[in-house]
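Biologist: I would like a close look at a single part of this model, with the geometry spelled out. Please take the disulfides as the topic.

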Amino acid sequence: MVMSSCFSFMVNTRIMSEVMILSLSIIVVLSGTTYSIFLESENHIKSATFVSKSFEVGPGKIASKALYDIEFPKGHIGVKSFDAELVDEDGKSVPLYETYLHHWFAIKYNENITMSRYIEQSHDISKGINYTRNDGACRGFLLPHYWGLGGESRGTSSNLPDPFAVEFGNPKNIPHGFKEKWLFDIMVIDTRGAYSRKGCTECRCDLLNLPKDFYNVTRDINEQPLSLNYKGGLFCCKDNLQCKLRKGFHGPTRKLSLRYKIRWVDWDEHQVPLKFYILDTTDRVRTNGSSTIHDCQAEYTIPRIGHGDFPHVKKANIPMKKGGYLIYGTSHMHTGVVNATLYGQDGRVLCTSTPKYGTGKEAGNERGYLVGMSGCYPKPGSVEIKDGEILTLETRYQNKFRTGAMGFFYIHLAEQLPNILKI
């Protein structure tokens, strides 16, 4: 099943009228079985941990996969948190300096029940599937996920305070004859033996064994030929490509999986639904008549400027068609980040997300790697974003050359507050 080469979280609307997920390479519906490790109950909150289908990596190899029909709690529910990490066949946490978790994104889709058996047997996802996205405004189907981080996954909270949750499984919102399902878009980079671990994790094109005709056949985010000036990023990190290895290095292949834990509640009148927005610091907002176009680029290159210690700053002014009360906020960034801050139209700070860097060797504390981003939990009702308000997202990285930098800000907004929480 061959798909066009592009961002795995983007849509190619020119090819299909329905939303299609585009992989950086061939999308593979992997064999194997996902399974639940345990189920527990924390007061009214339920919890389960699952392990995804496995995929194989070897020294220097890139795995960019779409894992369809992942395990997910059934019924009409409100999700309170969704956390994930990379593990080996024995269930042991894999450190970032061995295999770098570039990103994992959880994406929702609806599958035509009458086509389910055909899809399972043929692995043909071009029929019978409709993809849905979060409340963010990036054009097409860019950044559609509801949860997703990278190397910082183990140290970044996704917990939502009571009585707030993200609602799923509402029969009223699922088209007749369809079933709500989920997939993982995931990219990992095995850096064992890599000539440059850092450059490999940044998808530096000159550090990858690219095909000779790579720039002739590869299209960029706008479906134009990839520029020879493109130095690194997602377009160079395609499935099964390999980072250049140190001379003489050999190492075994191994199978990895994504282990993820979901906490949820059964939906009832006591839950307060949240809208989820992804804001992108590369968003080149423009207008077309009365329409606002959010031309998100998803990644950018940071040039080194001089020899100063001042950070590289990137900003985007993003209008919010619909506002609400900020309940939780955090960011998805890469190693080298200084911080990310979201400002209101009047300049007030809505949320600042700061990094945590590892200091050891164990998984979750890898020296020099970004292992966590802080989140914001303002008192419910204390931070309000108005309808139509223009927010400013500012991301700061160290003044060092790097490719494939990302600057996403995640915000959960409540359109209404329960009376007991109103200020």
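Is Cys203 buried or exposed, and why?

Modeller: The model is predicted. Cys203 has a relative accessibility of 1%, so the residue counts as buried, the cut-off for that class being under 20%. Its disulfide partner is Cys237, with an S to S distance of 2.1 Å. Cys237 has a relative accessible area of 0% and is therefore buried as well. The torsion about the S-S bond of Cys203 and Cys237 is -100°, which makes the link left-handed. In the chain, Cys203 belongs to the loop between helix H2 (197-201) and helix H3 (214-217), while Cys237 belongs to the loop between H3 and strand S11 (254-266). The two cysteines are 34 residues apart, and the pair links distant parts of the chain.

Another disulfide joins Cys205 and Cys236, whose sulfur atoms are 2.0 Å apart. Here the angle about the S-S bond is 90°, and the link is right-handed. Cys205 sits in the loop between H2 and H3, and Cys236 in the loop between H3 and S11, with 31 residues separating them in the chain. Cys205 and Cys236 are both buried.

A further disulfide is formed by Cys138 and Cys296, with 2.1 Å between the sulfur atoms. An angle of -80° about the S-S bond gives this link of Cys138 and Cys296 a left-handed sense. Cys138 lies in the loop between strand S7 (129-131) and strand S8 (147-149). Cys296 lies in the loop between strand S15 (291-295) and strand S16 (300-302). This pair, too, links distant parts of the chain, its members being 158 residues apart. Cys138 has 6% relative accessibility and so counts as buried; Cys296, at a relative accessible area of 0%, is buried too.

The links described above are among the five disulfides that the structure holds. With bonded cysteines counted along the chain, the pattern of the disulfides is 1-8, 2-7, 3-6, 4-5, 9-10.

The charged end of Lys314 sits over the ring of Tyr300, at 5.2 Å from the ring centre.

Methods. Residues are numbered from 1 along each chain as its sequence is written. This is a predicted model: local features need pLDDT of at least 70, side-chain atom pairs count only at pLDDT 80 or more; totals for chains, interfaces and linings use all residues. Side-chain values use heavy atoms; hydrogens and water are left out. A charge sits over a ring if NZ of Lys or CZ of Arg is within 6 Å of the ring centre and within 35 degrees of the ring normal. A disulfide is a pair of cysteine sulfur atoms within 2.5 Å. Helices (H or I, at least four residues) and strands (E, at least two) are DSSP runs, numbered from the N terminus. Buried means under 20% relative accessible area, exposed over 50%, partly exposed in between (1.4 Å probe, protein chains only).
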